[in-house]
Amino acid sequence: LVGIPYDGTSSYCPGSRFGPDALRMASDSLETYDPLFGYDLADIPLGDAGNMCVSFGDPKSVVDHIRAQVKGIMGEYPECRFLFIGGEHLISLPAVSCLRDKYHDLMVIQFDAHADLRDEYAGERLSHATVMRRIVDVVGGMNVYQFGARSGTREEFMFGTHTTHFYPFGLNMLSEAAREIRGKPVYLTVDLDILDPSCMPGVGNQEPGGPHFEVLEKALLSLKGIHLVGADIVELCPLRDSNGISAVAAAKMARQILMLLYDAQSG
Ligand SMILES: [Mn+2]
C-alpha cells in the first residue's frame, strides 16, 4: 500500500492530499476479516510504504517525479503488487505507465462518475479531468474499460463510445468484461465519486446519481479471478467528508481490493 498525497490539479474542491491518512485512520475501525471476500488481512502478507513525497507545481514534473518513485519501489519489491491511495485521479497515470512497462498487454478498468477523457482541461493536458485520455495514449483505447460515467462533455462521451470499452451509467456489464479479459494483466482504478454522494460525500467532485456501496462491493467481488496486477483508489477528500462515512467506505474498499490483489497473486 502506497499513499500518493497529490491534489495539485483539483478544479473544484482540493484536499485529496489528505486522503491516504484519512483512509488509514478509518481502517482502524474495521475488522481484518471480510466475510464477502472470504479473506482475512491478517493472513495476507501486506506492507504499508507510507506516503510518497510529491512535488507541487507543474503537473508534468509532478507526474515524472511520481513515476520515478513508483518505478523505484516496483524495482525494490518486484514480487509485490501495489495498491496506490490518492490523491487526485492524475496519480493513476504514472502508476499505469510504470505497470505498462512491466506488462505490455496491460488492461485498465476504471470506475468513475466522470469519463476523464478530455484532451485538455483549462489549458492543461495533465489533469484529473484528462487522466483517462492520457491513459488511452499509453495503453490504447481497446485496452481500457470504463464503467459508471454519468457526467462529462458530449465530446468525451463520443470519444469513449468510439475509442474505449465505454459502459456509462453503471456496472452491470462488468462481469462480461471480466470474462473477456480473463488471463490478461489488469490495473483497476477506482475514483470514489463513482458512488452516490449520499454514501460518498468526501470527494473533490460530487456527482449525484451513482451506485451505493453494496452495489460496488458486489461489482468488485465479480472481479475475483481476473489477473489483477495493480490498483488505485483516488479522490478521497476528507475536508468534504461529513461524518467519516467516506473514509470508512474507502478503507473497506481498500481491504477488498487488497484481497483481490492477493487472490490474483496466490490463486
Ligand atoms: Mn476521475
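Colleague: Which side chain does the side chain of Glu156 make a polar contact with?

Modeller: The side chain of Arg118, at 3.4 Å. A polar contact is a pair of N or O atoms within 3.5 Å; within protein, one must be able to donate a hydrogen and the other to accept it, and residues adjacent in sequence count only if both atoms are side-chain atoms. Keep in mind that this is a predicted model: local features need pLDDT of at least 70, side-chain atom pairs count only at pLDDT 80 or more, and totals for chains, interfaces and linings use all residues. Residues are numbered from 1 along each chain as its sequence is written, and side-chain values use heavy atoms, leaving out hydrogens and water.

Colleague: What backbone nitrogen does the Glu156 side chain reach?

Modeller: That of Thr153, at 2.9 Å. Glu156 itself lies in helix 5, residues 154–163. Helices (H or I, at least four residues) and strands (E, at least two) are DSSP runs, numbered from the N terminus.

Colleague: Is Glu156 buried or exposed?

Modeller: Buried, because its relative accessibility is 3%. Buried means under 20% relative accessible area, exposed over 50%, partly exposed in between (1.4 Å probe, protein chains only).

Colleague: What does Glu156 touch?

Modeller: Ala115, Asp116, Leu117, Arg118 and Ala129, not counting residues up to four places away in sequence. Contact means heavy atoms within 4.5 Å.

Colleague: Metal next. Which residues are the protein donors of the manganese ion?

Modeller: His89 through ND1, and Asp112, Asp116 and Asp191 through OD. They lie 2.1 to 2.3 Å from the ion. Donors are N, O and S atoms within 2.8 Å of the metal (3.2 Å for Na, K and Ca); water is not among the atoms, so sites may look incomplete.

Colleague: What spacing do the donors follow along the chain?

Modeller: H-x22-D-x3-D-x74-D. Asp116 and Asp191 link distant parts of the chain, 75 residues apart. Asp116 is in the loop between strand 5 (107–111) and helix 4, and Asp191 is in strand 8 (residues 185–191). Asp116 is buried, with a relative accessible area of 5%. Asp191 is buried too, at 2%.

Colleague: And the backbone? What is phi of Asp116 near?

Modeller: Near 55°, a positive value in a residue other than glycine. Most residues other than glycine have a negative phi, and most peptide bonds are trans. Phe169 also has a positive phi, about 65°. Phe169 lies in the loop between strand 7 (165–167) and helix 6 (174–180). At 64% relative accessibility, Phe169 counts as exposed.

Colleague: Is the peptide bond from Gly86 to Gly87 cis or trans?

Modeller: Cis, with omega near 15°. Gly87 sits in the loop between strand 4 and helix 3.

Colleague: Switching to helix packing. At what angle do the axes of helix 3 and helix 4 cross?

Modeller: Roughly 10°, and the axes of helix 3 (residues 92–102) and helix 4 (residues 131–139) come within 10 Å. That makes the two helices roughly parallel. Axes are lines fitted to C-alpha atoms, for helices over the stretch in contact, and angles run from 0 to 180 degrees between N-to-C directions. Angles under 35 degrees count as roughly parallel, over 145 as roughly antiparallel, 65 to 115 as roughly perpendicular and the rest as oblique.

Colleague: Which residues of helix 3 and helix 4 make the contact?

Modeller: From helix 3, Ser92, Leu93, Val96, Ser97 and Arg100. From helix 4, Val131, Arg134, Ile135, Val138 and Val139.
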